[in-house]
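Here are my notes for a colleague who is meeting this structure for the first time. Please read them with the sequence and the model side by side.

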Amino acid sequence: MGAGHAHPLHLPGTSPVHRMPAEVKIVAAVLLVVCVVATPREAFPVFGGFLLLLGAVWVAAGIPPGWIARRAVIELPFVVLAVLLPFTGEAPTVVWLGVTLSEPGLLGAWNILVKGTLGVLTSLTLAATTPMRELLHGMARLHAPTLVVTIATLMLRYVDVIVAEAGRMRVARISRGHDPRFLWQVGATARGVGALFLRSYERGERVHLAMLSRGWTGRMPQLQPGRTSAAQWLVGLSPVAAGVALAVTGWVLT
Amino acid sequence: MVVAMHMSDGLVNIPTALAFAVVAVIGLGFAVTRARRDLDDRTAPMAGLVTAFVFAVQMINFPILPGASGHLLGGALVAILVGPWVGSLCITIVLVVQALLFADGGLTALGTNITNMALVGVFTGYAVAVAMRGLARRSRGGLLATAFVAAFVNTVVASLAFVVEYALGGSGGAALGTVFALMVGLHALIGLGEGLITAATVGAVASVRPDLVHLLRPTRAALDSRDPS
């Protein structure tokens with residue numbers, strides 16, 4: 001439980017992308033996705049350019065494309081709406097393999113699918129190259145409210161404990177014959193959630209007392225005061241420059 | 001298949017995403033100030049542990065239709081248990097961590113996701129719960145009914161917020177009526193599951209530590225009438 005606090009999407013490494021300060025990577029990832037979303041949907045080849053750009057980052061970071069692809073299925077639930085659009089959209093329609101599909105619906109679906117996928121791939125790249133602790137430091141250096149960063153730090157410190165506790169409760173229920181298949185059988189699960197809340201809250205009270213006894217003043221001590229240089233920002237934001245160029249190309253093409 | 005409410009990138013355009021990011025930042029600012037007042041110097045550890053709890057709870061899936069399951073959002077649950085300010089702070093942090101570390105929900109959709117689930121969802125759930133507080137105080141059944149209705153309304157209204165965002169700056173292609181029917185229908189089903197689990201969870205907490213249920217805490221007026229000093 002206490003080991004490492006690695007998150008499941010992290011791929012440890014020492015590449016230049018891994019060593020880049022987290023705040024640079026957060027800003028670069030957000031701006032890159034902004035470029036993707038701002039690109040007109042009809043500029044089909046430009047989205048291939050974005051994929052190549054991400055591919056270049058993966059090469060620099062030493063992330064195998066298969067590793068990313070397997071984790072990109074996270075996206076599947078989000079695209080339910082996209083699948084339905086071609087069947088429910090307005091005229092004009094096209095007939096394809098005997099199925100009548102709406103043209104604006106198809107375009108809308110393409111838009112959600114391609115931008116959603118590129119967004120997930122960008123988020124995965126950020127998560128793969130940034131350990132949890134670095135990410136929190138990055139948030140702090142980006143001037144997120146101190147209280148928010150502190151809460152997030154404690155949350156990430158204890159999330160494995162709480163999730164493991166939930167897992168133990170689940171095993172305990174299953175080993176006693178619990179096999180919920182229908183909604184009206186959730187009683188035991190829900191009582192488990194109630195117990196989990198009490199244990200989390202009471203653990204919070206104990207953690208607070210333990211922190212007080214170790215000199216907690218209400219603020220996290222700053223552990224890593226290092227500054228990010230302009231050169232690091234310049235290198236880190238270079239993919240964004242390429243992204244802006246791609247988005248502008250998209251606007252010019254359409 | 002798990003039906004999730006987290007929006008991905010590309011569902012709404014940049015101006016809409018930006019506008020709701022501003023809404024989210026303002027809401028978060030309020031929540032930070034008020035949460036500090038609710039929890040004083042215990043804020044960080046307590047909110048941190050409640051946030052970890054929300055994170056763990058969101059991993060619980062429940063069946064809604066054959067082949068489809070939803071996961072608990074926990075908006076009304078935290079609003080009833082720890083109050084709306086700490087609650088929306090916790091849900092916001094869960095959403096930020098999910099977007100940055102778990103690629104769950106798009107980066108440009110973070111503003112809309114926070115608005116829907118941490119602001120609209122939590123505060124709608126809390127408003128319903130407060131409106132029904134008299135009933136909730138009267139009996140255990142009343143408390144369960146309050147929690148159920150609050151969670152159901154929270155889920156459906158949060159999905160309505162998505163429909164509004166889609167109407168403002170959606171990627172288009174579908175008649176708004178279709179999106180409305182699809183989202184509200186789906187989330188009415190999710191809301192039933194959310195409501196049942198929320199009710200049973202609040203009931204379980206209230207039977208062991210009723211003092212921890214924020215909704216059942218005496219209001220200031222009630223305190224004054226009992227305490228003459």
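1. Confidence along chain B. This is a predicted model, and within chain B the confidence is lowest in helix α9 (residues 220–226), where the mean is 50, while helix α5 (residues 110–131) of chain B has the highest, at 91. For chain B as a whole, the mean pLDDT is 82, with 85% of the residues reaching 70 or more.

2. Confidence in the complex. For the complex, the predictor gives an ipTM of 0.83, together with a pTM of 0.86.

3. The side of chain B that touches chain A. In the model, 65 residues of chain B are in contact with 74 residues of chain A. The elements of chain B that each supply at least two residues of this side are β1 (2–3), α1 (14–39), α2 (43–57), β2 (61–65), α4 (84–101) and α8 (176–208). The largest share comes from α2(B), which provides 14 residues. By residue type, the side of chain B that touches chain A divides into 44 nonpolar, 15 polar and 6 charged residues.

4. The pair α7(B) and α8(B). Helix α7 (residues 140–169) of chain B packs with α8(B) at an angle of about 150°, and their axes are 7 Å apart. Because angles over 145 degrees count as roughly antiparallel, α7(B) is described as roughly antiparallel to α8(B). The crossing of α7(B) and α8(B) is right-handed, and the residues of their contact divide into 24 nonpolar, 7 polar and 2 charged.

5. The overall make-up of chain A. The secondary structure of chain A comes to 11 helices and 2 strands, and along the sequence these follow the pattern α-α-α-α-α-β-β-α-α-α-α-α-α. Chain A has 254 residues, of which 39% are buried. When contacts in chain A between residues at least 6 apart in sequence are considered, 79% of them join residues at least 24 apart.

6. The pair α8(A) and α9(A). Helix α8 (residues 146–175) of chain A and helix α9 (residues 187–213) of chain A pack at an angle of about 145°, with 10 Å between their axes, and the crossing of α8(A) past α9(A) is right-handed. On the side of α8(A) the contact is made by A:Ile162, A:Glu165, A:Ala166, A:Met169 and A:Arg173, and on the side of α9(A) by A:Ala188, A:Gly192, A:Ala195, A:Leu196, A:Arg199 and A:Ser200. The residues of this contact divide into 6 nonpolar, 2 polar and 3 charged.

7. One residue to look at, A:Leu135. The C-alpha atom of A:Leu135 is separated by 19 Å from that of A:Leu234, which lies 99 residues away along the chain.

Methods
Residues numbered from 1 in each chain as written. Chains lettered and ligands numbered in written order. Predicted model: local features only at pLDDT ≥ 70, side-chain atom pairs only at ≥ 80, totals over all residues. Helix = DSSP H or I, 4+ residues; strand = E, 2+ residues; numbered from the N terminus. Buried ≥ 20, exposed ≤ 12 C-beta atoms within 10 Å, placed from the backbone. Contact = placed C-beta atoms within 7 Å. Nonpolar A, V, L, I, M, F, W, Y, C, P; charged D, E, K, R; others polar. pLDDT = per-residue confidence, 0-100. Axes fitted to C-alpha atoms, helices over the stretch in contact; angles between N-to-C directions. Left-handed = near helix turned anticlockwise from the far one by under 90°. Parallel < 35°, antiparallel > 145°, perpendicular 65-115°, else oblique.
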